[in-house]
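Q: Can you walk me through this protein? I'd like to start with the overall layout.
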Amino acid sequence: MKSDYIPIILIIAILAILGGTIFYISSWNTTFDQGALSFEIAGGWAQSQITGDFNNSVFSQVIFTQEFQDDNGAMQTAYIIVEMRQSNGGTNTSTLQESVLNVTNSTVTNLKINDYNIRQYVRTGPEVSNGISTITKGNMIIMIEYICPTSIANVTQQDYNELLKTIKIK
C-alpha cells in the first residue's frame with residue numbers, strides 16, 4: 001500500500017522543483033552594460049536588436065520585447081526601447097511635449113532618480129500605452145520608451161519603472 005504513493009509523491013516533488021525553477025528564472029534581472037550605459041531589466045525581457053555601441057556614437061539603440069497575457073487570456077507583446085544619441089546642441093523636447101499634451105489621458109512630469117533629472121511623457125489611449133523618459137547628460141540624450149497594448153500597461157510600466165531606477169550613465 002505504501003509503495004502505491006511513491007510515484008505520486010515523486011511526481012509532486014518534480015513538479016514543485018520545476019515550478020520553483022521556472023519562477024526563480026523568470027524573476028532574474030538581466031544587466032545591460034555597454035559603453036557609457038548600464039541598467040537592469042526584469043527577467044523575461046528578450047533583447048531583440050542592438051544598434052551602435054552606447055559610447056560617443058551619433059546613435060545607439062537596444063530593443064527588448066516580452067509577451068504578457070492580458071485579462072482576456074490573449075498574449076500581447078510589449079516593447080522597451082533604450083536610445084542614446086548625441087544632442088544637436090539643444091535639449092528642446094517641446095515638439096514631443098506638445099504631441100503628448102494634445103492627446104487625452106497624457107501627462108508630462110519631471111522626476112529625479114539616482115541624481116538624474118528625468119522628464120517623463122506618458123500617453124494612454126484606448127488601444128496603446130506609451131511612455132518616454134528623457135535624460136540629458138553632457139552632449140548625449142538618453143530616451144527610454146515603452147510601447148504596449150493598454151491591456152498590459154500596468155505590468156509593462158512596472159518593469160519600465162524598475163529599469164529607470166537602475167540606470168547608470170558613465
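Predicted model: local features only at pLDDT ≥ 70, side-chain atom pairs only at ≥ 80, totals over all residues.
Q: How many helices and strands does the protein have?
A: The secondary structure comes to 3 helices and 10 strands. Helices (H or I, at least four residues) and strands (E, at least two) are DSSP runs, numbered from the N terminus.
Q: What order do they run in?
A: From the N terminus on, the elements go α-β-β-β-β-β-α-β-β-β-β-α-β.
Q: OK, E83. Where is E83?
A: E83 lies in strand β5, residues 75–86.
Q: Buried or exposed?
A: E83 counts as buried because its relative accessible area is 13%; buried means under 20%, exposed over 50%, partly exposed in between (1.4 Å probe, protein chains only).
Q: Which side chains does E83 have polar contacts with?
A: The E83 side chain has one with Q61 at 3.1 Å and another with R85 at 2.3 Å. A polar contact is a pair of N or O atoms within 3.5 Å; within protein, one must be able to donate a hydrogen and the other to accept it, and residues adjacent in sequence count only if both atoms are side-chain atoms.
Q: New topic: what about I12, buried or exposed?
A: I12 is exposed, since its relative accessible area is 54%. I12 sits in helix α1, residues 2–26.
Q: And how much of the whole protein is buried?
A: Buried residues make up 35% of the 170 residues.

Methods
Residues numbered from 1 in each chain as written. Heavy atoms only, no water.
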